[in-house]
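Trainee: I would like to learn how to read strand pairing and barrels. Can we work through a case?

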Amino acid sequence: MKRKNLYVVLLCIFIFIFSNTLLVLDRKYTILENLFKNVNKYICSYIDDRLYKEVKSDNVINSRIKYLEKENDELKKSVKIKEEHPNTITSKVINHVSNSFYDRVEINKGLDYKINVGDAVINSSGLVGFISKTGKKVSEANLLVNVNNNFKVSVLIENSDSNLYGLLSSYDNKTKLFKITNIRAKDKIKIGSKVYLSGYNNSSYKNIYIGKIKDEKVSDYGLTKTLYLKSDVDFNNLFILSVEVS
């Protein structure tokens, strides 16, 4: 069998060399020579096709490996979350819908695991969002990047003097920063201060980490100021999420 493969390889090499030699000769070709040329084209096309399929297959395999590695890493982190938040349910993202009006994910856990609307959704980087719909086996989470005038989140800002409270009111998709409003201009807040859920609406998820203060801007009248918060959550790449069951 090995000898047969060797003959095939040698024949292919001969045809390839002979055909390419004909290409540089300026004369009419015989029927046999034309046959060699056609066979050479077929061989080249066949080799190109095989190489393309192998490269494509390798890319698919590599992408799958990276996905599984990321998923495994997130699962390991979810174990630590479970230790810190015993009431959490670990789930997997099964769908992510993102558009200019709404950003949400679907997870593979629902009422069977006592997940309810309003429960906080987190990962190892912090708050991801809140459960907005739930079924028997599937739930939908409204991501934090959807905060607006109709969906504000009460937050607690850790400060050296005393903790302050504000409202997470909007998100800028260009700067990737959240706005915190309802802060007095005279309140001194250090850049880098940590921000958590205040638990105002639900005490069960009080002190869930959101992010850190990146910048601040005093209003034109000098009475209030806006804080800018940076979250460590990658909202475009969500794999394993934990739901804080209230």
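Trainee: Which residue in β2 stands opposite valine 97?

Mentor: Strands of a sheet pair through backbone hydrogen bonds, either parallel or antiparallel. Here the residue in β2 opposite valine 97 is arginine 104. Strands are DSSP runs of E with at least two residues, helices are runs of H or I with at least four, and both are numbered from the N terminus. This is a predicted model, in which local features need pLDDT of at least 70, side-chain atom pairs count only at pLDDT 80 or more, and totals for chains, interfaces and linings use all residues. Residues are numbered from 1 along each chain as its sequence is written, and side-chain values use heavy atoms, without hydrogens and water.

Trainee: Over how many bridges do β1 and β2 pair?

Mentor: Two strands count as paired if DSSP finds at least two bridges between them. β1 (residues 88-98) and β2 (residues 103-107) have 5, in the antiparallel sense.

Trainee: In what order do the strands of that barrel run?

Mentor: The closed barrel has 6 strands, β1-β2-β5-β4-β3-β12, paired antiparallel. From one strand to the next the twist averages 45 degrees, with axes fitted as lines to C-alpha atoms (for helices over the stretch in contact) and angles from 0 to 180 degrees between N-to-C directions.

Trainee: Which strands make up the barrel that includes β6?

Mentor: That barrel closes through 6 strands in the order β6-β7-β8-β11-β10-β9, with antiparallel pairing. Within it, β6 (residues 153-157) pairs with β7 (residues 164-172) over 5 bridges, and leucine 156 has tyrosine 165 in β7 as its bridge partner.

Trainee: How many helices and strands does the chain have?

Mentor: The chain has 2 helices and 12 strands.
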